[in-house]
Amino acid sequence: MLANLVTMAASGTFRRYRARQDVLRGLHAALGDSTKWRPADDLPDRVLADTSTRPVVVASVDVETDQVTTFAAFTDPAIYSRWLGVPVMIDDGHFDCTMGWGTRVRGVYEFECPPELIVMRWDLEDDNVSIPGGEMTGYLRVEARDSGAHVEVHQLVDTPRQADFMEAAWGLVLGRLKKGVLAASNPAVLIRPRARRAKRRPSA
């Protein structure tokens with residue numbers, strides 16, 4: 001029946017047809033190399049633009065604060081400083097902070113769509129960080145959840161080594177967010193700043 005692509009079940013005078021997903025998956029795989037699935041390859045307009053595929057590090061965490069409060073934790077420097085544990089400056093979309101071990105992080109919020117999305121360009125200043133220099137692009141999204149909010153970061157990277165570093169870096173930042181954002185968002189709660197600690201140097 002239709003080359004076994006569907007199954008049929010009779011119900012009175014009606015016939016009910018359902019696609020066979022296992023057969024369709026095989027058909028799609030067989031057609032994977034067909035040019036009909038790549039209509040832009042032969043169009044002259046395609047060569048006028050530069051395109052590339054880049055890997056991305058995804059880091060996420062669930063927090064107890066609601067969506068609006070969680071978004072403010074990344075845009076209000078007073079709240080940001082309290083949960084991150086170091087002074088954070090935000091002025092006209094530009095942010096700057098120095099972590100407890102001396103790494104300076106700075107950048108700009110290119111686009112803000114409260115209370116859902118922040119697009120940022122940022123870099124860091126540290127002679128002990130073994131990743132390529134230059135600005136990096138990250139996307140931070142805050143989604144409402146019944147019990148709070150879900151924060152997810154998509155960080156573009158260029159190399160596996162950079163990906164390893166970004167996994168650790170964003171894991172640290174979002175871990176601090178989860179641990180401290182509830183208290184940091186309440187100005188009545190006293191939060192002591194984090195003590196500075198020595199920077200670990202890479203072994204020879």
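Is Val181 buried or exposed at 1% relative accessibility? At that value Val181 counts as buried, the cut-offs being under 20% relative accessible area for buried, over 50% for exposed and partly exposed in between (1.4 Å probe, protein chains only). The model is predicted, so to speak plainly, local features need pLDDT of at least 70 and side-chain atom pairs count only at pLDDT 80 or more, while totals for chains, interfaces and linings use all residues. Residues are numbered from 1 along each chain as its sequence is written, and side-chain values use heavy atoms, with hydrogens and water left out.

Val181 sits in helix 4, residues 160-184; helices (H or I, at least four residues) and strands (E, at least two) are DSSP runs, numbered from the N terminus. Setting aside neighbours within four places in sequence, Val181 touches Val63, Thr65, Ala73, Trp83 and Arg176, where contact means heavy atoms within 4.5 Å. Arg82 is 99 residues away along the chain, yet its C-alpha atom and that of Val181 are 8.0 Å apart.

Trp83 leads on to helix 3 (residues 77-84), where Ile79, Tyr80, Ser81, Trp83 and Leu84 are buried. The cover over these buried residues includes helix 4, helix 2 (67-75) and strands 4 (88-91), 5 (94-98) and 6 (104-113). At the start of helix 3, a side-chain oxygen of Asp76 comes to within 2.9 Å of the backbone nitrogen of Ala78. After the helix comes Gly85, with a positive phi near 90°.

As for cysteines, Cys97 counts as buried because its relative accessibility is 8%, whereas Cys113, at 32%, counts as partly exposed. The structure holds 0 disulfides, a disulfide being a pair of cysteine sulfur atoms within 2.5 Å.

Definitions and conventions:
A polar contact is a pair of N or O atoms within 3.5 Å; within protein, one must be able to donate a hydrogen and the other to accept it, and residues adjacent in sequence count only if both atoms are side-chain atoms.
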